[in-house]
Amino acid sequence: MRGVAAGLFCAALTGCLPHYGPIGDGDVGYREIELTPRIYQVEYLDGERPFFVRRGPHYEELALLRSADLTRELGFRFFIVDPTALPSASRGARQLIVKLFRDAPSAQGVEAFDAEEISRELRARYPYLEASDR
Amino acid sequence: MRSPRRILTAARATSLALALASCSSPATPYVPVDISLDLPGVGPRPAGLEQARFGYTEYEISPTIVRVRFSGNPSTDEARAVDFALLRSAEVALERGYPFFVVRDRIDASFLRTYTRTTPGSWFTTCDSNGRCTTAGTPPTTTTHVRRWPVHDHLIELLEETSGEDETSFVLDARFVQLALRRKYGLLMPLTTPERGAIE
């Protein structure tokens, strides 16, 4: 109920674009933990906002964006996503396990994401993310 | 003297509070299933699930292949159940003397269950000084809801070293994973992890 009320309030004021930043109050945002050197668990939680006020990037995209940003922050260029990790059944939550690389991995059949490209593409698609970086 | 309306409101509030309390048992803790059966606060098993077991368990498929399962209750967050399956995987590796492991497959074995609850109606009759009586109250109601029981399996392979693995393989350092996930959930580290051979 509190989520619905908050959703209606923010829909009236801002259009409810999802928060892109570290998790704070309200369980909205991203967090990551290092599971092993170069392997990270990246989570994005979208809180309890009801679906009818959701706008902007999907939480899947924001988890991918955080993975790209983390890759760059740590001085790497590419990342791959653990294909066995299941999509979360939780509403508005996505957990990825990613491995970071300085050079594109050469193994066949593995999709490596270029962190700079992902970051640039998603920020171009959702310009408000630029503001949240400042 | 309390008015009938006030009594009615209090009765409604009480029944709502009881209904909510019965829905919200604590999330399943990180414990083996046999211990979770006796933990206070886990709450009574719902009808049809008296034999359900909460917590972690593992099944050895071969000396280096183990299926690890974490079973939660409906109050257990999905990500928490997945994390606890991963944490147990790391601790199984350490207990068996392997510093590394890789998750070969993850299986979501969660299930849904439908619950029906009937709330009995309550009626009050009040009469004034002229002998006129009025009856007020609520009729019986039946509510149905579906709840998800998270169950996550990890099929893990235990490794002594990482050299045989492809560079894109997600080989995990068991000690590292144990520290990271125990810190994430505020769990104390176990006092000792048996060395390899000690438990055989």
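Trainee: How many helices and strands does chain B have?

Mentor: Happy to start there, and keep in mind that this is a predicted model. Read along the sequence, chain B runs α-α-β-β-α-β-β-β-β-β-β-β-α. Counting the elements gives 4 helices and 9 strands.

Trainee: What share of the residues of chain B count as buried?

Mentor: Being buried takes 20 or more other C-beta atoms within 10 Å of a residue's own. Chain B has 200 residues, and the share that passes this test is 25%.

Trainee: Which residues of chain B touch chain A: how many are nonpolar, polar and charged?

Mentor: The contact takes 21 residues from chain A and 20 residues from chain B. On the chain B side, the elements giving two or more residues are α3 (78-95), β3 (100-108), β9 (171-173) and α4 (174-184). That side of chain B divides into 8 nonpolar, 2 polar and 10 charged.

Trainee: Is R38(A) buried, exposed or partly exposed?

Mentor: R38(A) sits in the loop between β1 (28-36) and β2 (39-46) of chain A. Its phi is near 75°, a positive value in a residue other than glycine. R38(A) has 16 C-beta neighbours inside 10 Å, so it counts as partly exposed.

Definitions and conventions:
Residues numbered from 1 in each chain as written. Chains lettered and ligands numbered in written order. Predicted model: local features only at pLDDT ≥ 70, side-chain atom pairs only at ≥ 80, totals over all residues. Contact = placed C-beta atoms within 7 Å. Nonpolar A, V, L, I, M, F, W, Y, C, P; charged D, E, K, R; others polar. Buried ≥ 20, exposed ≤ 12 C-beta atoms within 10 Å, placed from the backbone.
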